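Subject: Structure for you to look at

Hello,

Here is the structure I promised to pass on. Please open it first, then read my notes below.

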Amino acid sequence: MKIIVCIKQVPNTTEIKIDPVTNTLKRDGVPSIINPDDKSAIEAALSLKEKCGATVTVLTMGPMQAEKALREALAMGADEAFLLTDRAFAGSDTLATSTIIAAAIKKLGADLVFCGRQAIDGDTAQVGPQIAEHLDIPQITYAAAIDYDCERDVLRVKRQFEDRYQVLEVKGKCLVTVLSSMTKPRYMNVWDIVEQDEKEISFITFADLELNREDIGLNGSPTKVKSTATKQFDKTIETVELDPESAAQTIVDALKARHLI
Amino acid sequence: MNNKNIWVFCEQRDGVIQDVALELLGVASELAKTTNEKVCALLLGSKIKKQAKELIAYGADQVLVVDHKNLETFVTEPYAQAVTQLAKQYEPSIILFGATSIGRDLAPRLSARLKTGLTADCTKLEADENGNLFMTRPAFGGNLFATIICPDHRPQMSTVRPGVMKKMERDGKRKGEIIECEINFDQSKFAVSVIEEVKACSNVAKIEDAKILVSCGRGIKDITPAFEVAGKLKGTVSASRALVDAGVTAHDRQVGQTGKTVRPDAYLAFGISGAIQHLAGMEESEFIVAVNTDKNAPIFKIANLGIVSDAAAVLKQLNKIIENKPC
């Protein structure tokens, strides 16, 4: 069995600051990490490998620095790693990104594709299902638990909703998007850290894939960013300093005035 | 591009129309005034027909109903096939989905199938008279807002965060057209089967449904008075991340970027300083009261009534006087 795990290197958003003058993100000095949901997807693939036997391939798209995320995945125990990198890929929205990643998965071949549910820098949760559609395979999103029946070749997934969960089964190829709460990703281990040094990271560029230029990059992206803005507030504001008794009375009066009590 | 009309995917669970569907009908009605188009509700499910009238009462001019046992509970492929066939037949200009675990599964699948753009988790939608949609969404933890367009592809698709848009007043006299649609399902693509479905039992009143929220932050050590006040006001208690992280209350009650988005009639914030992630989850509330000892707390920038005072003491006093004078 061959499992491809799609991962993304993201800035650690808890440390992101906005430049108030230019309205852009200050990325300098912000550490990069493997997106948390994606790290959980790596762990899910490695557990499945231990249970049933499989090769685990990690795949990412990004600039050359994304190699660091792949190295970390190798050190966790992944067997091979591919970096999709090309100037032609730059500026891709989710649809164009999914087109590129799906083309790479087709080339590499996979029985199962695992992704994180969403990336913390974009929070869209779109690329996984879009890849599944391009590959014409079923999808199961929001996976809270995964089990594989090695005998029957059936994947069983606990699919989380806001108010319920489903237990779903699928036989054959499938793409699963995984919640970070599903697994506790293993640490890199010493042997794998040593071994990953000897593993090659392979690069995939536009020339390696069957892609049309009009389907990728800025030109292949149906959505465009029209403008960005930082937060604006426009409420009528009244702030007063009061002792607790008067404060409570003021609140009650204000609620009464609005017919809320 | 001859695509026309604004579609709302009306999410239902166990045959119950979800609030987010009504909110989307509300914003779609606003957009339709500018674009001069019809609002069309998509109602997919099993034994669901009779709910169509309700969608008209909340702003739909037309309801497309697909009543089929394949759609009884949500599974991606049957739902994707149904919406795809209808979209190809009727060619809508816009399709809106709730940014729920259903909408965020279905909409991206459809965007790839229909080869069009999709914008996730929007908090503001505007349109121009040519029918172009301007979709605004928070990015990077709510620090930045991006307005996205989809100029050359139709339909324009967006998932919209629940609790942000306003429902219309229900009007039982509104007129609209109900069309029952047949779908040619390709069952050979139904690879995923539902073995069981288990509803979560939670005794927590949903904070996103409450009309009044008594919300507590780091400044409140004991939240018992908050529950008493909330009970008297027929509301419930919500909290900032600080309190949830401290284990004082459950994640179900957390407001903000990593919690829930709420827009109650009144949001009473006690001891909440107002980190931008928190404000993102409640700033659309109708009436915001903030009580905090720090007069520079950011929450005062958005509060309609800001009171610099000891939040815990005010909460206790509030509990006393509402009890003394039951209003």
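Across the interface of chain A and chain B there are 7 salt bridges. One of the salt bridges joins the side chains of Asp14(B) and Arg164(A), at 2.8 Å from N to O. Please keep in mind that this is a predicted model.

Polar contacts cross the interface too. Between chain A and chain B, 34 residue pairs are in polar contact, with both residues at pLDDT 80 or more. On the side of chain A that touches chain B, these elements each supply at least two residues:

- helix H4 (127–135) and helix H6 (244–257) of chain A
- strand E9 (139–149), strand E10 (154–160) and strand E11 (164–171) of chain A
- strand E14 (224–230) and strand E15 (239–241) of chain A

H6(A) gives the most to that side, with 11 residues. By class, the side of chain A that touches chain B has 32 nonpolar, 20 polar and 22 charged residues.

Now the extent of this interface. The size of an interface is often given as the accessible area lost when the parts come together. For chain A and chain B, the buried area is about 6800 Å². Carbon and sulfur atoms give 59% of that area. In terms of residues, 74 from chain A are in contact with 82 from chain B.

Next, look at H4(A). How many of its 9 residues are buried? The count is 7, and H4(A) is mostly covered. The buried residues are Gly128(A), Pro129(A), Gln130(A), Ile131(A), Ala132(A), Glu133(A) and Leu135(A). Both chains take part in the cover. From chain A, it includes strand E1 (2–7), helix H3 (94–108), strand E8 (112–116), E9 and strand E12 (174–178). From chain B, it includes helix H4 (103–113). After H4(A) comes Asp136(A), which has a positive phi, near 55°.

Then turn to chain B on its own. The domain assignment gives chain B a domain 1 (6–189) and a domain 2 (207–324). The centres of these two domains of chain B, taken over C-alpha atoms, are 32 Å apart. Where they meet, 10 residues of domain 1 of chain B are in contact with 9 residues of domain 2 of chain B. The two domains of chain B bury about 830 Å² between them, with 43% of it on carbon and sulfur atoms.

Which residues form the salt bridge between Lys166(B) and its partner? Lys166(B) pairs with Glu286(B), and their closest N and O atoms are 3.0 Å apart. The count of salt bridges between domain 1 and domain 2 of chain B is 1. There are also 2 residue pairs in polar contact between these domains of chain B, both residues at pLDDT 80 or more. The side of domain 1 of chain B that touches domain 2 of chain B has 3 nonpolar, 4 polar and 3 charged residues.

Glu11(B) sits in the loop between strand E1 (6–9) and strand E2 (12–13) of chain B. Is Glu11(B) buried or exposed? Glu11(B) counts as buried because its relative accessibility is 3%, and the cut-off for buried is under 20%. The side chain of Glu11(B) makes polar contacts with the side chains of Arg13(B), at 2.7 Å, and Thr100(B), at 2.6 Å. Leaving out residues up to four places away in sequence, Glu11(B) touches Val16(B), Ile17(B), Gln18(B), Ala21(B), Thr100(B), Ile102(B) and Gly103(B).

Best wishes

Note on methods. Residues are numbered from 1 along each chain as its sequence is written. Chains are lettered from A and ligands numbered from 1 in the order in which they are written. This is a predicted model: local features need pLDDT of at least 70, side-chain atom pairs count only at pLDDT 80 or more; totals for chains, interfaces and linings use all residues. Side-chain values use heavy atoms; hydrogens and water are left out. Domain bounds come from an automatic or database domain assignment. Contact means heavy atoms within 4.5 Å. Buried area is the accessible area (1.4 Å probe) that two parts lose on being put together, summed over both. A salt bridge is a side-chain nitrogen of Lys or Arg within 4 Å of a carboxyl oxygen of Asp or Glu. A polar contact is a pair of N or O atoms within 3.5 Å; within protein, one must be able to donate a hydrogen and the other to accept it, and residues adjacent in sequence count only if both atoms are side-chain atoms. Ala, Val, Leu, Ile, Met, Phe, Trp, Tyr, Cys and Pro count as nonpolar, Asp, Glu, Lys and Arg as charged, and the others, Gly among them, as polar. Helices (H or I, at least four residues) and strands (E, at least two) are DSSP runs, numbered from the N terminus. Buried means under 20% relative accessible area, exposed over 50%, partly exposed in between (1.4 Å probe, protein chains only).
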